[in-house]
Amino acid sequence: MLSDPIADMLTRIRNATRTFKETVDIPASKFKEELAKLLVQEGYVASYERLLPEGQKFDVLRLTLKYGVKREQVIKHIERISRPGRRAYVSAENLPRVQRGLGLAVVSTSKGLLADRDARKQGVGGEVICVLW
């Protein structure tokens, strides 16, 4: 049993990108699927799909990772901010600007998971899940 499944997802993505894997399988949940959808929309991941592998009881998310023209990593850094032991809530005015706007902060708001710039436009704050660039 994992105490922090989101941190496990981020670690699997980090490890897969460092070894230049094409895909990575992650145990599925609704929250993780929303996070994967946001990563695809923002251009950090090529695609994702939810599937049930043969002989397994639970669904997995299969993320297809994205690399540059010369095999450079698109996700250079990915870090969990809000943890089960220390939650990180911010108001709309205090949302972080990652790499001066070139990175992404994922924020869980009352309107769902949003990128930091979308949350800023809508004027909502929330829990900062992770940052990446």
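Across which strands does helix α1 (residues 5-18) lie? In this predicted model, helix α1 lies across β1 and β3. The legends below take up this region and others in turn.

**View 1. Three strands form an open sheet in the order β1-β3-β2.** The pairing in this sheet is antiparallel. In general, the strands of a sheet pair through backbone hydrogen bonds, either parallel or antiparallel. Strands β1 (23-27) and β2 (45-51) stand at the edges, and each has a single partner strand, so one side of each is left without a neighbour in the sheet. On average, neighbouring strands of this sheet are turned by 20 degrees against each other, direction ignored.

**View 2. Strands β1 and β3 are joined by five bridges.** Strand β3 comprises residues 60-65 and runs antiparallel to β1.

**View 3. A hairpin joins β6 to β7.** Strand β6 (residues 104-109) and strand β7 (residues 112-115) run antiparallel and are joined by four bridges. Within this arrangement, Ser 108 stands opposite Leu 113 in β7.

**View 4. Phe 20 and Tyr 67 form an aromatic pair.** The structure holds one such pair. The pair is tilted, with 5.6 Å from centre to centre and 40 degrees between the planes. It links distant parts of the chain: Phe 20 belongs to the loop between α1 and β1, whereas Tyr 67 belongs to the loop between β3 and β4, 47 residues apart. Are these two residues buried or exposed? Phe 20 has a relative accessible area of 33% and is therefore partly exposed, while Tyr 67, at 14%, is buried. Arg 71 lies over the face of Tyr 67, at 4.8 Å from the ring centre.

**View 5. Gln 73 touches both residues of the aromatic pair.** Gln 73 is placed in the loop between β3 and β4 (78-80). Not counting residues up to four places away in sequence, Gln 73 touches Thr 17, Arg 18, Phe 20 and Tyr 67. A polar atom of the Gln 73 side chain lies 3.2 Å from the backbone oxygen of Thr 17.

Note on methods: Residues numbered from 1 in each chain as written. Predicted model: local features only at pLDDT ≥ 70, side-chain atom pairs only at ≥ 80, totals over all residues. Heavy atoms only, no water. Pairing = 2+ DSSP bridges. Helix = DSSP H or I, 4+ residues; strand = E, 2+ residues; numbered from the N terminus. Axes fitted to C-alpha atoms, helices over the stretch in contact; angles between N-to-C directions. Contact = heavy atoms within 4.5 Å. Polar contact = N/O pair within 3.5 Å; in protein donor to acceptor, adjacent residues only side chain to side chain. Phe/Tyr/Trp six-rings, centres within 6.5 Å; stacked < 30°, edge-to-face > 60°. Buried < 20%, exposed > 50% of the residue type's maximum accessible area, 1.4 Å probe, protein only. Lys NZ or Arg CZ within 6 Å of the ring centre and 35° of its normal.
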